[in-house]
Amino acid sequence: MGYIEVGDLYADEVRDFLVCVDVPTGDADMTSLTKVSCAYKDPISKDKVNLEGQEVKIQRPENITKCSMSIEVDKQRNWLQAAEARASAEWGDLGGAVATLKSCRRALPESAAAWSSDHLCVTLGVKLKEM
């Protein structure tokens, strides 16, 4: 169980969250991963609002076919890896930061986002080179 504290949002503002989940082994056709809910304070009425989300499940086919990663997920994953390198440097682990940066720079050109010529991915490549 966990939570993400979002902070203040403006009307129609969108934020993405990348959540890594360990998927248990099993022989069921469907596996439940998580159930997402939302709680917030209405800015006008000051009432607390609770929204129950749907359960997130994945199919567990007997035979695995080729699947591809979502470009949006790949973009977020690339930025997260770069942020981890920066955090390592800020905490004084320069060796870990350099290793993570090198790993990111090697992996980035092979990512789905890079293959799609995503603008943010190109920007990330430039920033990784600068770091």
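Strand 1 (30-41) and strand 2 (48-59) each supply at least two residues of the lining of the largest pocket; helices (H or I, at least four residues) and strands (E, at least two) are DSSP runs, numbered from the N terminus. The model is predicted, so local features need pLDDT of at least 70 and side-chain atom pairs count only at pLDDT 80 or more, while totals for chains, interfaces and linings use all residues. Residues are numbered from 1 along each chain as its sequence is written, and side-chain values use heavy atoms, with hydrogens and water left out.

**Largest pocket**

- The largest pocket has a volume of about 1500 Å³.
- Of the 33 residues that line this pocket, those closest to its centre are Ile4, Val6, Ser37, Cys38 and Ala39.
- Strand 1 gives the largest share of the pocket lining, nine residues.
- The pocket lining has 19 nonpolar, six polar and eight charged residues; Ala, Val, Leu, Ile, Met, Phe, Trp, Tyr, Cys and Pro count as nonpolar, Asp, Glu, Lys and Arg as charged, and the others, Gly among them, as polar.
- On a 1 Å grid over the protein atoms alone, a pocket is an open set of points with protein on both sides within 12 Å along at least five of seven lines, a cavity is a set where a 1.4 Å probe fits but cannot get out, and lining residues have an atom within 4 Å of a point.
- Grid points are joined across faces, edges and corners, and a volume is the space filled by probe spheres set on the points.

**Helix 1 with helix 2**

- Helix 1 (residues 71-90) and helix 2 (residues 94-107) pack at about 160°, their axes 7 Å apart; axes are lines fitted to C-alpha atoms, for helices over the stretch in contact, and angles run from 0 to 180 degrees between N-to-C directions.
- The two helices are therefore roughly antiparallel, a term for angles over 145 degrees, as roughly parallel is for those under 35.
- Their crossing is left-handed, meaning that the near helix is turned anticlockwise from the far one by less than a right angle.
- Gln81, Ala82, Ala85, Ser88 and Ala89 of helix 1 meet Leu94, Gly96, Ala97, Thr100, Leu101 and Cys104 of helix 2, where contact means heavy atoms within 4.5 Å.
- Seven of these contact residues are nonpolar, four are polar and none is charged.

**Helix 1 with helix 4**

- Helix 1 and helix 4 pack at an angle of about 15°, with axes 10 Å apart.
- That makes helix 1 roughly parallel to helix 4.
- Lys75, Asn78, Trp79 and Ala82 of helix 1 make the contact with Leu120, Cys121, Leu124, Lys127 and Leu128 of helix 4.

**Cavity**

- There is one cavity of 30 Å³ or more, and the largest cavity has a volume of about 40 Å³.
- Its lining consists of Asn78, Gln81, Ala82, Cys104, Ala107, Leu108, Leu124 and Leu128.
- Helix 1 supplies the largest share of the cavity lining, three residues.

Note on methods: Parallel < 35°, antiparallel > 145°, perpendicular 65-115°, else oblique.
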